[in-house]
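Colleague: I am new to this one. Could you walk me through how to read it?

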Number of protein chains: 2
Amino acid sequence: MLENPFLDWIRSHTPAHPQVPLNVGDDMAAVVVGGRWAGARGWAAKSGLSGLSPQSLVLLKIDQALDQVHFDLREHSATQAGRKAVNRCLSDCAAMACLPAAVMISVALPREASEAFAQELFLACQSAAAAFDCPLVGGDTAIWDQRLVITVAAMGRSDHLPLTRSGAKAGDTLFVSGRLGGSILGRHLSFTPRIRLAEKLARTAKVHAMMDLSDGLAQDLPRLCTASGVGAIVYPHLLPIHEDAQTLAGRDQIPAGLHALADGEDYELLFAIDPNDVPTIIPISEQGGVPLTAIGTITGEKVLVLETESGVKMPWPKAGWEHGGE
Amino acid sequence: MLENPFLDWIRSHTPAHPQVPLNVGDDMAAVVVGGRWAGARGWAAKSGLSGLSPQSLVLLKIDQALDQVHFDLREHSATQAGRKAVNRCLSDCAAMACLPAAVMISVALPREASEAFAQELFLACQSAAAAFDCPLVGGDTAIWDQRLVITVAAMGRSDHLPLTRSGAKAGDTLFVSGRLGGSILGRHLSFTPRIRLAEKLARTAKVHAMMDLSDGLAQDLPRLCTASGVGAIVYPHLLPIHEDAQTLAGRDQIPAGLHALADGEDYELLFAIDPNDVPTIIPISEQGGVPLTAIGTITGEKVLVLETESGVKMPWPKAGWEHGGE
């Protein structure tokens, strides 16, 4: 079973709800909580977020991290596993440019796990959330004879409307934060969710669409383009290649640029902004220590292409990390 | 590792947060979302819920259901597993007398699970939530070579303050809803969360403390008493014994009354009310089809005792379902 077709099926089986302006299809769902609760039903938007006040919304997300899928306890510590589990979920808060207001953790512990292991895991989760002043508000622990499962749910809030995947416009400049590729060498465990960067971007520039790169640019950009009803041209020679991608290329002979394009778990931001706003975000890039790189342009034609420095156009690669697939 | 000592450790390692008036120790956590978000920090109560408006709060809970722990796919269907996973979490909404405003589902599917199985599971989860007009707002699916994990997170809202475990007072009358014991014969899969009943109770009577019975009265009442700083006398001859407990007693020779006291997963309400309010809740019991039974009295002495019809006092049983223990 592949994840993407199942996600499409879920989308088609999720009815509209008057209190839910954003459901399946963005990095978090948005739920209306503002106004007097009883009797408030029915007034919320059927037209997405328009007309809603940011204060009336909470954003919600659930995400799991599984032993030997997302981390591997044969190599990684409880601290690494817990930190990754929380930060994966917080990266979705970054994707929507909201601030995490609470996280909850559910843990299925293998029977042989020690109390010290469980405590280390809890403290790692708590400290990952606390890095963003986000409280861990309870959780659930069970013990079983299978491998470790850490499930994290986050609630986000913001005083501006959340950014979504669906607002990119033809002519927008496409940006990524950080450097891409080779995260498997360790960054997939130690990355910092781009919450502060996303917040600055949302306040500074007209960000039309944003998401986080969890499955790799090759898979994630098509999602942003589909949600926005647009296409894109990406210039592979502009891709900010991480040194880990270079290291990996030296080992597996796959070009570093292809790693940057197709590797998953970068947890960087991908966003489309009004080209007139490009100058306004340059200082953010320079101050924050996280580079922001223009990698392409949004187009009105619903096709994704790679265009080399010499102007040769290539079809979009199929590669990327399809969960559940091979 | 036993769950209760770990929970105590977690409690002692959870710092206060100005936006979190209720954290570990109740059936759900409460988080302040009202008011203007940025800059609102610091004003929220350090004194629990007092002074807060119900509209400024959301209630949050995460809960997992594991194959061969909470259900068993060798005997139970995807529909049964999904329904139970969601209803366990919704039962916590009942415990706090709030309405579920959104649920999220995370599923770790065994690699051999078919698409039909995944779809059946999704629809069961969706329909369990929809029974309370609660939308399923996205989720997460992963595939692995271990058993099924269903993790559910719920957000609750209410236009009255949530009920907690901590308000019981000496002299209160102690009630349970429904009938207790023997849920293992099937009710643990098919129960109805007492959301509507809890809502009616909260509107009608001065409910001082409430929780849901998930681990059995023998274990859960001490939690309510500890949270409230009180004790209780329970009259075992008044316990409403479910016919399943009778059936089970016929098989295992353990008295049905002990099943009613010690069996887990009743998912009924346990609550303490002002004795003057007892008459006001009688009509609720008569209309709703769910019996409400007075089973004892809250006492100022921090001890739990069983008192037989002939006035003999017995110590509180140690039995009950301690997760992770034997």
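**Reading the two chains**

Modeller: Start where the chains meet. Of the interface residues of chain B, 98% are also interface residues in chain A, so the copies meet through the same surface. Keep in mind that this is a predicted model.

Colleague: By what turn and shift can chain B be laid on chain A?
Modeller: A turn of 180° does it, with a shift of 0.0 Å along the axis. The RMSD is then 0.0 Å. That is the relation of a two-fold axis.

Colleague: How many residues does each chain bring to the contact?
Modeller: Here a residue pair counts as a contact if the C-beta atoms lie within 7 Å. Chain A gives 55 residues and chain B gives 55 residues.

Colleague: Which elements of chain B supply at least two residues of the side that touches chain A?
Modeller: Two helices are on the list, α1 (3-12) and α3 (115-130) of chain B. The strands are β1 (29-32), β2 (57-66), β3 (99-110), β4 (136-144) and β5 (149-157) of chain B. β4(B) gives the most, with nine residues.

Colleague: How do the residues on that side of chain B divide by type?
Modeller: On the side of chain B that touches chain A, 32 are nonpolar, 15 polar and eight charged.

Colleague: Now a single chain. How many helices and strands does chain A have?
Modeller: Chain A has nine helices and twelve strands.

Colleague: Into which domains is chain A divided?
Modeller: Domain 1 covers 3-157 and domain 2 covers 173-315 of chain A. Their centres, taken over C-alpha atoms, are 24 Å apart. In the contact between them, domain 1 of chain A takes part with 16 residues and domain 2 of chain A with 16 residues.

Colleague: Which element gives the largest share of the side of domain 1 that touches domain 2 in chain A?
Modeller: Helix α2 (residues 78-96) of chain A, with nine residues. By type, that side of domain 1 of chain A has eight nonpolar, five polar and three charged residues.

Colleague: What radius of gyration does chain A have, against that of a compact globule?
Modeller: With 326 residues, a compact globule would be near 20 Å; chain A has 20 Å, which agrees. Along the principal axes, the C-alpha atoms of chain A fill a box of roughly 60 × 60 × 40 Å.

Colleague: What share of chain A is buried?
Modeller: Buried residues make up 52% of the 326 residues. Among contacts in chain A with a separation of 6 or more, 82% join residues 24 or more positions apart.

How values were computed. Residues numbered from 1 in each chain as written. Chains lettered and ligands numbered in written order. Predicted model: local features only at pLDDT ≥ 70, side-chain atom pairs only at ≥ 80, totals over all residues. Domains from an automatic or database assignment. Contact = placed C-beta atoms within 7 Å. Helix = DSSP H or I, 4+ residues; strand = E, 2+ residues; numbered from the N terminus. Nonpolar A, V, L, I, M, F, W, Y, C, P; charged D, E, K, R; others polar. Least-squares fit on C-alpha atoms with pLDDT ≥ 70 in both. Rg over C-alpha atoms; globule rule 2.2 N^0.38 Å. Buried ≥ 20, exposed ≤ 12 C-beta atoms within 10 Å, placed from the backbone.
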